[in-house]
Amino acid sequence: MKAIRRFTVRPVLPEPLRPLADLARNLRWSWHTETRELFELIEPDEQWTGDPVKVLGAASAARLAELADDQRFLRRLDAAVADLRGYMEGERWYQEQGAQGAELPAAIAYFSPEFGITGALPQYSGGLGILAGDHLKAASDLGVPLIGVGLLYRHGYFRQSLSRDGWQQEHYPVLDPNELPLTPLRDTGNGHAQVALALPGGRSLRAHIWLAQVGRVPLLLLDSDVEENDFGERDITDRLYGGGSEHRLLQEMLLGIGGVRAVRTYCRLTGHPAPEVFHTNEGHAGFLGLERIRELAAADDADHGDGDGMDFDSALEAVRAGTVFTTHTPVPAGIDRFDRELVARHFGEGAELPGIDVGRVLQLGMETYPGGEPNRFNMAVMGLRLGRRANGVSVLHGKVSREMFAGLWPGFDPDEVPIASVTNGVHAPTWVAPEVFRLGARQIGARRTEDALSVGGSERWDAVADIPDDQIWELRRELRGQLVREVRARLADSWRQRGAHSAELGWVEGVLDPEVLTIGFARRVPSYKRLTLMLRDRDRLMELLLHPERPIQIVVAGKAHPADDGGKRLVQELVRFADDPRVRHRIVFLPDYGMKMAQKLYPGCDVWLNNPLRPLEACGTSGMKAALNGCLNLSVLDGWWDEWFEPDFGWAIPTADGGALDEDRRDDLEAAALYDLLEQRVAPRFYERGAGGLPDRWIEMVRRTLTSLGPKLLAGRMVREYVEQLYAPAAHAHRALDPSTARDLAAWKSRIRGAWPYLAVDHVETAAPAAPGSVAELGSTLALRVRVQLGDLGPDDVEVQVVTGRVDSDDRLVDTASLPLKPTSGPDLEGRWVYEGPLALDRTGPFGYTVRILPTHRHLESGADLGLVTVPSELTGEGAGVLMR
């Protein structure tokens with residue numbers, strides 16, 4: 001018989017052990033080795049599950065009584081409690097910056113559809129969630145007052161297994177919040193705190209608020225499995241990235257609108273400072289901006305003191321000032337888009353945000369630009385329109401994003417699109433193997449090693465240079481051996497799930513060799529990541545795997561989206577190759593890739609392989625985690641590898657992008673380049689031995705990876721950049737835009753938009769006009785004179801600029817610089833103004849210039865903010881847009 005309900009009966013902890021409950025509920029244990037080791041002592045003969053809550057729930061009363069009398073255990077418990085208290089209450093980097101006069105936000109709300117904190121809280125699918133989890137952990141280490149906001153999925157993301165013929169199968173275990181490291185947020189009556197959204201037809205969507213404590217950072221998770229909800233509404237938070245279009249829309253409304261309401265509730269109940277900055281991690285939470293507009297438009301709002309009855313446009317300006325938007329996708333297909341009518345129905349009469357005109361809501365997300373679909377509501381477009389500050393997640397991805405979203409800023413070159421970049425980082429205390437940490441601690445001490453990995457700040461880790469070669473190599477051998485044992489155990493489990501009997505699996509004990517060059521490849525399996533590129537020439541791959549003197553072995557893992565049959569076919573193709581008895585001891589596919597597997601895989605590999613279609617990898621942080629453990633990267637120059645690659649750190653796979661090649665030909669060329677690198681450079685370097693019998697040149701690459709690349713890869717570095725480049729400026733802008741100032745800015749923008757069609761550049765001339773094709777001398781200066789028509793606007797509303805740069809073969813300006821011109825007279829009777837300024841010929845070769853008019857205001861972030869620009873027409877003056885070759 002099957003149980004109709006399950007729950008955990010927990011033992012009552014003896015008084016001396018009560019602090020264990022607090023340690024278990026703070027997820028700092030997921031990156032704090034000493035705390036984890038304390039929980040491992042509770043049942044030392046059992047396999048560590050990686051979940052202190054389950055350990056406490058399963059511990060026998062007799063064992064707990066024994067530990068309550070164990071003085072050694074109690075001393076360790078006291079030390080762990082004192083360490084956590086110091087961590088939670090002590091001043092850290094953020095507080096030090098504030099003490100030095102930095103104007104920092106009182107709090108930041110960070111919204112994400114998924115968070116990868118630990119495998120014990122399975123609320124993530126891949127890189128976006130792991131990045132969000134690392135962001136919270138690094139913020140905690142730095143003392144940044146973040147509040148995380150997400151959804152609690154009762155089935156999480158799927159668990160993956162394989163059928164006998166290698167087809168991916170999905171399983172969705174039911175998660176009981178009471179068995180997870182969560183606590184309910186209690187309201188003033190000690191009930192479970194809730195938020196509610198209005199749905200069409202008079203229905204409502206309610207959600208409980210659960211709290212996960214991530215070190216110093218609270219993470220609020222919304223759960224729609226509430227008894228008051230109808231059956232359909234209870235399932236809104238059933239699965240991560242599941243369901244149809246309306247299901248996803250309701251998830252994202254709950255995350256954005258419900259998330260803001262959850263933050264207000266949490267701050268009211270706990271006294272936590274209200275956020276001055278709202279950060280949306282990808283477009284899924286974009287509706288948070290609409291809820292904040294509603295708050296500001298509603299006078300005397302009980303939960304939000306800023307309410308002053310502002311009109312929509314004024315509230316929009318106030319909201320934009322304090323909003324940061326991070327885009328993670330380099331492809332339009334990766335963005336959530338909804339049908340216009342579906343969105344209109346959920347924001348229309350009797351539904352959410354009734355005080356806001358649905359037309360204004362739609363206006364924020366519609367693709368009203370060249371190349372867009374007029375009836376599609378785009379979540380990333382709404383995120384960009386609601387956030388004054390936006391960024392990509394690597395330098396290359398910032399460039400790709402500016403090109404992808406350039407249609408929102410017509411008339412501006414992609415380089416001027418206001419999307420910056422902050423390259424992702426990874427939380428080293430989570431991903432660095434304890435053995436690697438201990439090697440560093442022996443060199444510089446445990447506290448300095450912990451600070452170097454969490455807070456960071458140094459340009460180089462020079463102490464690594466003093467670690468002897470034999471210690472580095474012995475560490476790499478130890479980690480590789482651990483991975484081999486892990487792979488064999490997981491592979492045997494996988495084959496049993498596929499229907500094999502234990503008697504058939506004797507060969508598994510010979511899988512992988514702890515002395516062979518080991519390559520890792522693990523990630524999600526969309527087509528652009530090219531899981532099967534390594535299989536393009538199977539005979540050549542077999543030769544590499546079975547080479548008599550320099551063999552390689554490969555460990556592969558990854559999940560395809562449940563709805564992506566193409567991705568599942570790629571998994572099956574790889575699995576079938578790995579099943580071949582000729583090579584199955586050299587290449588394996590491990591199902592159910594997750595954090596626990598990854599924490600063994602990254603340290604145990606010698607080389608981390610990454611071969612996406614360039615430039616479709618936004619950042620790709622798996623290679624960062626591997627590098628922090630001394631693994632070398634072998635990757636296409638995409639994402640973070642494009643900006644930080646050096647031959648000292650690894651190898652760059654040549655790419656054939658940018659040409660007119662078809663996809664098959666491109667894959668053939670890049671696969672051949674990969675085989676060549678493995679055969680001619682990677683494997684020889686690994687197996688080459690110096691006079692002392694060690695691979696001296698390989699060890700030196702490991703050393704340089706840690707010394708020079710390691711400090712750049714830290715989530716601590718990333719979060720510091722967010723604070724300095726985005727959060728602090730956003731908080732400053734938020735404070736500057738009080739209701740009166742926001743109204744003034746909105747009125748000014750309205751006036752500018754109304755007057756802009758009447759602006760014109762009438763005439764451009766230089767003191768010594770040069771005919772196209774003439775030659776000018778480097779270092780000389782021409783006097784530029786421009787006559788412009790400003791209509792009802794004045795010089796305080798606009799900036800007239802000269803833009804100079806090199807000229808390409810199509811006479812387009814590249815590598816540009818701009819300089820403001822100054823008004824010298826005007827307006828004349830026809831409303832025309834004259835602007836003048838110097839035109840410096842500061843570079844050789846093809847040179848050109850043009851002039852333009854931009855709106856300017858002290859509260860604009862950039863001249864491109866409004867997407868308005870006026871440039872000369874072809875008939876404007878003899879010298880307009882002069883080219884000098």
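## Confidence of the model

Where pLDDT is low, the predicted coordinates should not be read in detail.

The structure is a predicted model, and its mean pLDDT is 92, with 95% of the residues reaching 70 or more.

## Nonpolar cores

The largest nonpolar core has 104 residues, and those with the most contacts inside it are L517, M534, I554, L634, W651 and W698. Helix 19, which spans residues 469-497, gives the most to this core, contributing ten residues.

The surroundings of L634 can be given in detail: apart from its neighbours within four places in sequence, L634 is in contact with V607, W608, L609, N610, W651, I653, L674, L677 and L678.

## Aromatic and charged side chains

A search of the whole structure finds 18 aromatic pairs. In the pair formed by F111 and F278, the ring centres are 6.2 Å apart and the planes stand at 35 degrees, so the pair counts as tilted. This pair links distant parts of the chain, since F111 belongs to strand 1 (residues 108-111) and F278 to strand 9 (residues 277-281), 167 residues apart. F111 is buried, with a relative accessible area of 0%, and F278 is buried too, with a relative accessible area of 1%.

Ring pairs also link W473, W651, F686, Y687 and W698 into a cluster; W651 and W698 are also among the residues with the most contacts inside the largest core. Charged groups meet tryptophan rings at two places described here: the charged end of R498 sits over the ring of W495, 4.1 Å from its centre, while the charged end of R584 sits over the ring of W507, 3.9 Å from its centre.

## Helix 18 and its surroundings

Helix 18 covers residues 446-454, and its buried residues are T449, L453 and S454. Seen down the helix axis, these buried residues fall within an arc of 115 degrees, so they line one face of helix 18. An α-helix has 3.6 residues a turn, so residues three or four places apart point the same way.

The elements that cover the buried residues of helix 18 include helix 7 (127-142), helix 16 (428-431), helix 17 (434-444) and helix 27 (715-736). Helix 18 is followed by G456, whose phi is positive, near 70 degrees.

## Backbone features in loops

Most residues other than glycine have a negative phi, and most peptide bonds are trans. The peptide bond from R614 to P615 is cis, with omega near 5 degrees, and P615 is found in the loop between strand 18 (607-610) and helix 23 (622-627).

Y241, although not a glycine, has a positive phi of about 55 degrees; Y241 lies in the loop between helix 8 (231-234) and helix 9 (245-270), and at 17% relative accessibility Y241 counts as buried. D592, which is not a glycine either, has a positive phi of about 65 degrees. D592 is found in the loop between strand 17 (587-590) and helix 22 (595-604), and its relative accessibility of 17% means that D592 counts as buried, the cut-off being under 20%.

Terms used. Residues numbered from 1 in each chain as written. Predicted model: local features only at pLDDT ≥ 70, side-chain atom pairs only at ≥ 80, totals over all residues. Heavy atoms only, no water. Core = buried A, V, L, I, M, F, W, Y, C linked by side-chain atoms within 4.5 Å. Buried < 20%, exposed > 50% of the residue type's maximum accessible area, 1.4 Å probe, protein only. Helix = DSSP H or I, 4+ residues; strand = E, 2+ residues; numbered from the N terminus. Contact = heavy atoms within 4.5 Å. Phe/Tyr/Trp six-rings, centres within 6.5 Å; stacked < 30°, edge-to-face > 60°. Lys NZ or Arg CZ within 6 Å of the ring centre and 35° of its normal. Arc of directions from axis to C-beta. pLDDT = per-residue confidence, 0-100.
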